[in-house]
Amino acid sequence: MELGLRERGQVSHPSMVASARMSERYTYGDTDLAAERLGLVARVFEPTTRAFLERSVTSAPALAYDLGCGPGHTTRLLREATGAARVVGLDRSGPFLDRAAVDAPRGVSFDAHDVRQVPFPDGPADLIFCRLLLAHLVDPPEVVERWTTQLAPGGLVLLDELEAIDATDPVFARYLGDVALPVVEAQGARLLAGPVLAAMPDPPGIERVADDVVSFTPSPGESAQIFGMNLAVLVDRGEVPLQPELAAELGAIAGGERVAEPVVWRMRQLAFRRTAVSETVASD
């Protein structure tokens, strides 16, 4: 698949034909190394996600779902930021769910469930949240439409996905162009899911109440840590071959031994509200 680099190193690629097929596995897996990676991502992305939740949710939900919860970082954040009475994290990974359940705060629980399938186990919710998962699924609009059927009247679906990554440093651009995007594309998905979500039609009985792109700029070392950890996980899973030179260059930036221009991360943040009741989509 052709890969394009827009101005200032912003990475993109052409639109894909929609498919009913969905990727069968999460690109980064659920090993100890993958869990460590998600802890790093949670720390760096937390301020932007917290702000999104706080401005979108004006009253405490009775029930909220965190889809693709992994080891539970976003689930706990969802509880803190919204004051939801109950937050249920859903994920297919047993190892991640075991981690998530350790010292779970009151009102937070976790269930094994493939989030591509509806209905969800605890019934209609006031809030459904998902961050950085749709990039690993084929045909995100179809999946989101299914999710909206699981909303109570007036309920919200909040999506927090990558719109673009602006990387002018050649090391960062090399990682994105040669590793990150091709690995996800090989599974029929799209790492930069934001533009796809922006273009999707609103599902029946649903109104789009927010559609914004927000940016944040971690230090070069933090971005290098994320990319370096991603690369290590992908090598560990056999997704890509060993790349010692790239790993060393990312490590040098992460350790402050090499100066690099910061990466600008752009997130598409969308909110969909249920305005009418529609029939629940049957599971496959």
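**Reading aromatic pairs**

Me: Let's start with one side chain. Is Y65 buried or exposed?
Reply: Y65 is buried, since its relative accessible area is 0%. Keep in mind that this is a predicted model.

Me: How many aromatic pairs turn up in the whole structure?
Reply: A search of the whole structure gives seven.

Me: How do I read the geometry of a pair, say F45 and W265?
Reply: Look at two things, the distance between ring centres and the angle between planes; over 60 degrees counts as edge-to-face. For F45 and W265 the centres are 5.4 Å apart and the planes sit at 75 degrees, so this pair is edge-to-face.

Me: Where in the chain do those two come from?
Reply: From distant parts: F45 belongs to helix α1 (residues 32-56) and W265 to strand β9 (residues 264-274), 220 residues apart.

Me: And are they buried or exposed?
Reply: The cut-off for buried is under 20% relative accessible area. F45 has 3%, so it is buried, and W265, also at 3%, counts as buried.

Me: Back to Y65. How are the rings of Y65 and F120 arranged?
Reply: Their centres are 5.1 Å apart with planes at 70 degrees, so that pair is edge-to-face. Y65 sits in strand β3 (residues 63-67), while F120 is in the loop between β5 (108-112) and β6 (125-131), so the pair ties together parts 55 residues apart in sequence. F120 is buried, at 4% relative accessibility.

Me: Which rings are linked into a cluster?
Reply: Ring pairs join F45, F172, Y175, F216, F227 and W265 into one.

Key
Residues numbered from 1 in each chain as written. Predicted model: local features only at pLDDT ≥ 70, side-chain atom pairs only at ≥ 80, totals over all residues. Heavy atoms only, no water. Phe/Tyr/Trp six-rings, centres within 6.5 Å; stacked < 30°, edge-to-face > 60°. Helix = DSSP H or I, 4+ residues; strand = E, 2+ residues; numbered from the N terminus. Buried < 20%, exposed > 50% of the residue type's maximum accessible area, 1.4 Å probe, protein only.
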